[in-house]
Amino acid sequence: MSNHAGHPWISTSDEESIEKMLRVIGVKNVEELFSDIPDKIRLRLEDWLKLDIGFGRPLSEIEVRRLAEERLRRNIVFNPPPFMGGGVYPHYVPPLVKYIISRGEFLTAYTPYQAEISQGLMQAIFEYQSLIAELLDMDVVNASMYDWASALAEAVLMAVRVNKGRTRFLLPATMNPIHKKVVEAYARPHGIKLVEVGYDRESGWLDLEDLKAKIDENTAGVYIQYPNFFGVIEGGVKEAFELAHDKGALAVAGVYPISLGLLKPPGELGADIAVGEGQSLGLGLNYGGPYLGIFAVKYDMRLVRQMPGRIIGLTTTKDGGERAFSMILQTREQHIRREKATSNICTNEALMALAAAVYLALLGGEGLKRLAEMNYYHAHYAQLKLEEIGLNTKVFKGDFFNEFPVSFNEVKIEYRRVHEALLEKGLHGGLYIGGYYPELGETALYAFTEMHSVGDIDKLADSLSEILRRLGGG
Amino acid sequence: MVELFRQAKWNEPLIVEYPDKGLVGLNIQRVEAGIVEKVGGLKMPKGMMRETPINIPNLPEVVVVRHYTRLSQMSYGVDTGPVPLGSCTMKYNPRLAWEIAFDNRIVALHPLQDESTVQGLLQMLFELQKWLANITGMDACSLHPAAGAHGELAGVLTIRRYHELKGNLGLKREIIIPDSAHGTNPASASMAGFATITVPTGEDGNVDFEALKSAVGDATAGLMITNPSTLGLFEERIIEIAELLHNHDALLYYDGANLNGMMGYARPGDMGFDIAHLNIHKTFSSPHGGGGPGAGVVCVRDRIVDERRGVRLSDLIPGFIIVYDDKTGLYKLREPGPYSVGLIKAFFGNVIPLVWAYVYIASLGPQGLRKVAEHAVMATNYFIKLVEGVKGLEIPFGRGRFRKHEVVLSASKLAEDTGVTAMEVAKGLLDAGFYAPTVYFPLIVKEALQVEFTEAESLENIERYAERLREISKIAYENPEIAKSWPSNTSVRLIDYVRGDHPKTVSPTWRVYLRRMRGELS
């Protein structure tokens, strides 16, 4: 205790504790405890301190704040937020969500291996599962996956397990191309043949005829995302899922939860498995994560037993007297089944599931509907505004939810230049998609949420109009 | 006697059981009438419009606040008390890092936002990449994986890609894993399409080297190993193991779950590992969030894969690598190239835990990080001295050796003598206000109690915990029936797990439960 050389995060770093521990253990110094590390690979303190780690010395709390401030100042938070989606969207994050997930009892808890002391957390996760089941009209929801893309990848692997022996899986050209890359990485070691189903250039919908031509008895599953990557609300989901079922394939839906305030839930459309991104449910954008992979199935034990990830279930105390929650169906999981587990997932996104539960509880069914309407109408208003200034906002005829492609081909301007001109005006435009879809050329996907007011949209339209005039090649 | 505690208990209904008040808990406006008119109403395709209202109650905000506050009070984390779960490294999660990681200038950033507008964050992550490479002795790190097991998947997919690019995938079919490994190791190997070969642990706690030698062959693609092991023991023959594997063109994979036990003293890169993953939510203090999020950074040595094409191991790992462009002075994301495993999640990575780690490393510096390992290891060996001689508890494997970050006790003798099992010991600890150890793991120890205090626990708590174990042993030998009544101080008593799992009663959601009550499910 004499020299105060310790650190507040190392609770035994006072002299007295160190002296006592070494004495009781019976060693002269702490290095002795590491003496079984072969000399050749044991680092000497002076060599370790030469390495470029941190800032070469411990920084004080105030120094760290100052340093972080210097870094964070060079990030730009756009106001209005970027008019950009592509799978994750700038939605409003209620302070209550951040407050609840920051409570130490939740934030600093481990996976609830000891159920009796973790009932609150387990109830909250059970509520997440139950609320998502209502929103999606599905029955069984797991406690979370990493994100939409990895949830989808696991759904593909699961479909192949359920339909043992089948090796093909059909993916639509209208799905998020980033998700497709993730599916490819997961599916590759298992020899799964991923077959792309084309889309109708006019409507922007999945091409049902192409689906009919490509589906066969060797197809384990069919995926459809709605709204699709173009923001277009697919028109043939039910028919596609019927085609899948006719061939004994599983129907897998990909959803954007906020859109389900207005759109028919996957359960009603015949999905066996539904996956989606929970980011829109109060999580923030976080520059890529943490997000929330939603994974849900219909109540069919053939499916449930093949699900990846943890599931919390409702049970009772052993004396039968009280309601209680426990981790269920754990024999699917890696800590028990090891190499035969349905997935390797262990750490998931539980805190994000809690955030989504708080968000859904806060909005309620009516709030979700209102929010979806606002997203829909603001995006449609934006479409009219951008059309008025001479942009092609009807790349596809199919109706959309809150995102649509804007083509700059007709005005003959490279999108990169538009993007940079918008940045100069303090606005962040949409996502360029010509790289993924060369046939669409200079096209960007613009998204609008409740965070983009009518005034913001007018400002975007005015800015774009000015940019078109300035850059327009005619 | 160790003072007992009492956890909060609220008879809190499920949120869906609250009566609908017709209020929207979030004050959002309706769409302006003029906008609806201008757009001309909803134009969705036939059959795609929602017809059934969403069955989620509409509640006043305060109802929601109280509900989740009460649920939090029936939960337990590091902020509540000690969580000495073995292999989980439940250390203190500094609020300084929380404040910075949840800053709106991170939370509000879109992952596809123009790189020029996120330079501050990219600089932090670039620095973190470099620091983690130096901490592990590796050459390149990808911050992409979202969790430890996700990092393992990244690693084994990299092993797969390595053999594929060398044209040996047809031959290289097996991953060798010690029997003391985390369950995620074999599960990850399976996800990458490999068969798993298990090798036993010797009495000294090291991998049985003779058994390993006979297991390694032409089919060996790699070895996954945790060091220190899940027994808390440093693998003493690691250099020979690396040589053996490399002689068969197999790669060495380091499971970083236990890095806290040797940080600053030994580095996987120096030991001969080719690939390593790190658990940011363990060693680097980001909170576990009740199950996640984590981050599972994967690092590699810059081993040559294909000399002719100039391919190195760092070209194979998945995700985006941050690079600094000297010419423009800007940080940029390098997309996975043609030799890469690709992407295993959408977008960059779990940024909030990563920034948390940044703050942790900056705060401690290399001096502090080495102290972290020293104190974690001292805590373990101090605890061992306190529980040595507790009747019914033994410490199998590696007799007399110093443990590193954790120790595994066996309650096998206790169970034999008194009928009180490891799980019941765990429940007895809950009753004293401690989170229990990891139980029944590693699988090679009967009635295992795996204990890891980390550097964050005070001597007094370690002593009270040991004292409670002594008390539990005494109770087990004198009045074993008392142990059957544990826990009684938690918000609920012992739970019926069989009912939770049984096909006739399993209820994974409220709607399934209701259907079951209505007799709609067989």
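Reader: What radius of gyration does chain B have, and why does it agree with a compact globule?

Author: This is a predicted model, in which local features need pLDDT of at least 70, side-chain atom pairs count only at pLDDT 80 or more, and totals for chains, interfaces and linings use all residues. Residues are numbered from 1 along each chain as its sequence is written, with chains lettered from A and ligands numbered from 1 in the order in which they are written. The radius of gyration is taken over C-alpha atoms, and the globule rule is 2.2 Å times the number of residues to the power 0.38. For 522 residues a compact globule would come near 24 Å, which agrees with the value for chain B, 26 Å.

Reader: Which residues touch the most other members of the largest nonpolar core?

Author: Such a core joins buried Ala, Val, Leu, Ile, Met, Phe, Trp, Tyr and Cys residues through C-beta atoms within 7 Å; buried means 20 or more other C-beta atoms within 10 Å of a residue's own, with C-beta atoms placed from the backbone. Among its 349 residues, the most other members are touched by Leu354(A) and Val358(A).

Reader: Which element gives the most to the side of chain A that touches chain B?

Author: Contact means C-beta atoms, placed from the backbone, within 7 Å, and 175 residues of chain A meet 183 of chain B in this way. Helices are DSSP runs (H or I, at least four residues), numbered from the N terminus. With 24 residues, the element giving the most is helix 14 of chain A.

Technical notes:
Buried ≥ 20, exposed ≤ 12 C-beta atoms within 10 Å, placed from the backbone. Contact = placed C-beta atoms within 7 Å. Helix = DSSP H or I, 4+ residues; strand = E, 2+ residues; numbered from the N terminus.
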